[in-house]
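Subject: Structure for your files

Dear colleague,

My notes on what was found in it follow.

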Amino acid sequence: IGGAAVAIGDGILVIGDHVAEVARVYARVGTAWNSVADVTPVSGSGIEFGRSVATRNGVVVIGSIDEGNVIAVDCDTAACSAGTSLKPPYGISGFGNLVAVDADADGNSVVVVSGVFADGDRKFAAVYSRDAGAWSEPAILFPDNDYEHAEFGHSGIAVRGDVIVVS
């Protein structure tokens with residue numbers, strides 16, 4: 001299995017293969033890892049779909065460098081739900097190069113996605129939340145000054161609870 005990205009947590013393993021444009025999801029049952037699903041872009045054509053992956057408490061997020069091809073799915077040891085596409089907030093040239101997720105046992109989730117405006121210079125992080133099954137419109141995080149736009153969200157993003165880190 002080839003892959004550009006990998007995430008593991010709570011008995012779920014996700015391997016993103018951006019060349020094949022698929023994310024392979026496995027679940028641990030006992031001592032074995034069983035194939036659960038191959039997740040593909042909702043629109044049918046991603047640009048490097050599977051470039052980034054994240055998982056927490058059964059919520060799997062798969063990113064790409066395409067407009068609107070960040071997918072969130074719920075997975076357990078037997079199957080994954082149909083994917084929900086998290087749409088970028090503005091005209092974006094790169095969205096989903098990095099993804100992060102935090103989820104509680106009730107399925108309430110926070111997803112952070114890095115992005116680049118169409119001008120190629122200004123970067124941001126979009127924050128989506130899910131409560132009672134519905135995803136919110138994203139809140140947008142920007143760096144404190146123009147100097148930081150060059151690398152903002154380029155190296156890493158993380159979320160746990162009410163803390164979001166973008167570097």
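Val-61 has Ala-72, in S7, as its bridge partner. The model is a predicted one, and that should be kept in mind for everything that follows.

The pairing around these residues is that of strand S6 (residues 59–63) with strand S7 (residues 70–74), which run antiparallel and are joined over four bridges. In general, strands of a sheet pair through backbone hydrogen bonds, in either a parallel or an antiparallel way. Here the open sheet has four strands, ordered S5-S6-S7-S8, with antiparallel pairing. Strand S5 (52–56) and strand S8 (84–86) are at the edges; each has a single partner strand, so one side of each has no neighbour in the sheet. From one strand to the next, the twist averages 20°.

Next, the loop between S6 and S7, where Ser-64 is placed. Is Ser-64 buried or exposed? Ser-64 is buried, because its relative accessible area is 0%, and the cut-off for buried is under 20%. Neighbours within four places in sequence aside, the contacts of Ser-64 fall into several stretches of the chain: Ile-47, Glu-48, Phe-49, Arg-51 and Ser-52, then Asn-69, and then Phe-95, Gly-96 and Asn-97. Ser-52 in that list belongs to the edge strand S5 (52–56).

The other item is the disulfide. One was found in a search of the whole structure. The bond links Cys-75 and Cys-80, with 2.1 Å from S to S. The link of Cys-75 and Cys-80 is right-handed, with 110° about the S-S bond.

Cys-80, at 21%, is partly exposed. The cut-off behind this is 20% relative accessible area, under which a residue counts as buried.

Cys-80 is located in the loop between S7 and S8. Asp-38 is 42 residues away from Cys-80 along the chain, and the C-alpha atoms of the two are separated by 8.9 Å.

Regards

Methods
Residues are numbered from 1 along each chain as its sequence is written. This is a predicted model: local features need pLDDT of at least 70, side-chain atom pairs count only at pLDDT 80 or more; totals for chains, interfaces and linings use all residues. Side-chain values use heavy atoms; hydrogens and water are left out. Two strands pair if DSSP finds at least two bridges between them. Helices (H or I, at least four residues) and strands (E, at least two) are DSSP runs, numbered from the N terminus. Axes are lines fitted to C-alpha atoms, for helices over the stretch in contact, and angles run from 0 to 180 degrees between N-to-C directions. A disulfide is a pair of cysteine sulfur atoms within 2.5 Å. Buried means under 20% relative accessible area, exposed over 50%, partly exposed in between (1.4 Å probe, protein chains only). Contact means heavy atoms within 4.5 Å.
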